[in-house]
Amino acid sequence: MENKKINKHLSVEPKSWYWMLYILPALFVYIIFMAYPLIDSLRLSLYTGSNSLNREFIGLNNFKKLFTDDFFSLRYKSAFGHTVIFFLINMIFQNCLGILFAVIITTRTMKLKTFYQTIIFIPTTFAVLVTGYLWKLLLNPVWAGETLSNIGLGFLAQPWLGSKSTALVTVSLISCWQWMGIPTMMFVAALKNIPHDCLEVASIEGANAWQTFIKIKVPLIKPVIGMITILTFVNNFNAFDIIFATETVNGAPNYATDLLGTFFYRVGIAGEHPIAIADPGLGAAVATITFIVLLLGVIPILKFTNGDN
Amino acid sequence: MSKTKSLKKQNRHVFYHVIMFIWSLIVLFPLYVLVINSLKTRLSIYINPFGIPKTFNFKNYSTIFKDSDFLIYFKNSFIVVILSLLVMTIFSALAAYAFAFWKKRQARLLFFFMIAGMMLPIKIASIRILEIMKFLNLLNTIWSLIPIYVAMGIPIGIFVLTEFIREIPLELSQAAIIDGANRFSIFKMVIVPLIKPALSTVAIYNLVPFWNDLWFPLIFISDEKSKTLLLGVTRLFGQYQTDWSKVLAVLTLSAIPVLFLYLTMSKQFIEGVTAGAVKG
C-alpha cells in the first residue's frame, strides 16, 4: 500500500506550469532588462527624436547619416578603424604571451609556478578605471622625467598617451597588461588536459621541446585561441573605460584613440561635442551595426578554430 | 649523454625564469609605485618618484576619509554588489533546478533563449535601458543598478548551475521523495547544499565585473549620495587632479577589497574568473 503510493508519487512528473514558477523570476528580470531593451534598440535605430515623446520613424536615415554625413561619417569611420587596431594589438599580445606564459607555467619541473601565476593575474582583478589612471601617471613625462634622465633612461619620458602617433598603441598595451591573466589561464587549462603519457611517449621517441609544442600542444590550443578571439572581439567592441580613464570620452589627442564605445557614448548618451544633445536613434544605429558585426564575426571565428574537429 | 640533457633542461628553465621575472616586474613595479607614492606628499612624488619616502605620510588617506564621500561610495558599492549577487544566485539556482528536471521541448527552447545572453554585450542596449530606468523612476538611485546586474549574471548562472544539478545522482532526490519531501524542499535540503561550490564560482565570476563596473553608474547616476565607488573615484580624480599622491591613495583604497579577496582565495578566484570568461 505504502509502496504503491510512493511509486505513484515518483511517476507523477510535475506539470509544466509548476516548473515555470521556478523559472519566472529569472525570466522576468532577463526579459525586461536584457532581451527586450536589446531587441528594442534595433527598432530604435529607425527613429529620430531626443526622447520617447517626440519620436519619429525615419527608416534607414540614421545609418545613412552615419556613413555619409561629413561630420559623423568621419568620426564613425575613424572610431571603427581604431577599434580594429585596438583589437588586433590585443589579439597578438594576449595570444603570443598567453601561450608562452602557459607553457612555462605548465612545465612540470618548473619552480615558483603558482607564484608567477598569482602575479600574472593581479591586474585582471583591478577595475579598468584604476589601471587607466595609474598608467596615466606612470606615463606622464613630467612626473619622473628628470629622475629617468639621471639614470640614463631619459628616452622613456615621452608623452606616450599625449602624442597622436603613439596614443592608440599605448592604450592597447595598457589593456594587454591588464587582461593577460585570462588568456594565460585559459591556455593553462587547455595544456593541463594533455595526458601525461602523450608527452612521455613524445620524449621517448626523441621529440624536442619545440616539436612537442607544434605537434601535440598547438592542436589542443587552437580552440582556445578561437575562444580568446571571440572574447577579445566582443569586449573590445565595447571598450570604453580604458579610454575614459586615460584619454577622456573624446578619445584625445584629437580623436586619435576614439573607439566605437566612446563614440557610442558621445552620440547616443552624452551628446556629441558641438551639439551636446544626445541622439538616441543615431546611437542605436551605432549599436545595431556593432551587434551585427559581432554576430557575423563570431560565427566564422568559431568555424575556423573548430573546423578540424 | 644524460648529463648534457639535464644541463640543457636546466638552462631552459633559467630562460623561463628570466621571462617570468621580467613580466612580474612589469606587473609589480606599477603597483609598487602606486602604493609607495600614495604615502608621500604632493611635491615629493616629483622629486623622488621611485624611492621609499623618508617619512611615511598617511595624511592622504585620512583626508580622503574625512573630507570626501568615500565611505558613502564604498557603502553604495557594497550594497549593490551584495544584493545583486544574492538575487542573481537565487534566481539562477531556482531556474536551473527547473531546467535540470523539466524535460520538455519548450524547456529546452527557453533554456537556450536565456543562455543566449552570455554572448550578447548588454551595453549595446544601454540607450533603451536608460529610458526604462527613467520610466521606472530609478535614475539617480543605486536601485537602478541591481536589476541590470542581476540580468547580466543570470545567463551564465543558469548555464553553470543547470550543468551542475544535472550531474547530481537522481537517486538522491528520489530518496527524499520517499521520505515525503516535496519538490521545493528537495531543492532546499538536497540540491542547494550539493551545488555550493558551483554557487560560489558563479558569485565570484560576477563579483569582479559588478564591483568594477563603471558604465552603468556613469550613465544612471549623477547624485553624489548614490554614486558607487568607481564613479566616486572619477569624481575624486577630478577634484585632486593637482595632487597625485591623494589620487594614488584613492586608487589604492578602491583596489584593496577585490585584491584582498583575490590574494586570500586566488585559486577559486582564477577558476571563477576564467570559467566566466570562457563562458562554458
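Core first. The largest nonpolar core has 158 residues, a core being a set of buried Ala, Val, Leu, Ile, Met, Phe, Trp, Tyr and Cys residues joined through C-beta atoms within 7 Å. For burial I use the C-beta count: buried means 20 or more other C-beta atoms within 10 Å of a residue's own, exposed means 12 or fewer, partly exposed is in between, and C-beta atoms are placed from the backbone. The residues with the most contacts inside the core include A95(B), Y97(B), A98(B), I154(B) and L251(B). Its largest share, 16 residues, comes from α4(B). Domain 1 (2–60) and domain 2 (67–278) of chain B both give residues to this core, so it lies between them.

Ground rules, before I go on. This is a predicted model, where local features need pLDDT of at least 70 and side-chain atom pairs count only at pLDDT 80 or more, while totals for chains, interfaces and linings use all residues. Residues are numbered from 1 along each chain as its sequence is written, and chains are lettered from A and ligands numbered from 1 in the order in which they are written.

I looked up A98(B) next. Leaving aside neighbours within four places in sequence, A98(B) is in contact with W19(A), Y22(A) and I23(A); contact here means C-beta atoms, placed from the backbone, within 7 Å.

That took me to the chain–chain contact. How many residues does each chain put in? Chain A gives 67 residues and chain B gives 74. On the chain A side, helix α2 (residues 16–44) gives the most, with 16 residues. Helices (H or I, at least four residues) and strands (E, at least two) are DSSP runs, numbered from the N terminus. By class, the chain A side has 51 nonpolar, 14 polar and two charged residues. For the classes, Ala, Val, Leu, Ile, Met, Phe, Trp, Tyr, Cys and Pro are nonpolar, Asp, Glu, Lys and Arg are charged, and the others, Gly among them, are polar.

Back to the two domains of chain B, whose bounds come from an automatic or database domain assignment. Their C-alpha centres lie 34 Å apart. Nine residues of domain 1 touch eight of domain 2. Helix α1 (residues 2–37) of chain B supplies the largest share of the domain 1 side, three residues.

Then I checked helix α5 (residues 105–115) of chain B. Which of its residues are buried? F111(B), M114(B) and I115(B) are. Seen down the axis of α5(B), they fall within an arc of 90 degrees (from the directions of the C-beta atoms off the axis), so they line one face of the helix. R105(B), Q106(B), L109(B) and F112(B) are exposed on the other side. The cover over the buried residues includes α2 of chain A, plus α4 (70–101) and α7 (145–166) of chain B.

I did α12 (residues 229–239) of chain B too. Its buried residues include L229(B), G232(B) and L236(B). Their cover includes α6 (128–138) of chain A along with α4, α11 (215–220) and α13 (244–264) of chain B.

Last, chain A overall. I noted 14 helices and two strands, and 39% of its 309 residues are buried. The C-alpha atoms fill a box of roughly 75 × 75 × 35 Å along the principal axes.

Technical notes
Contact = placed C-beta atoms within 7 Å.
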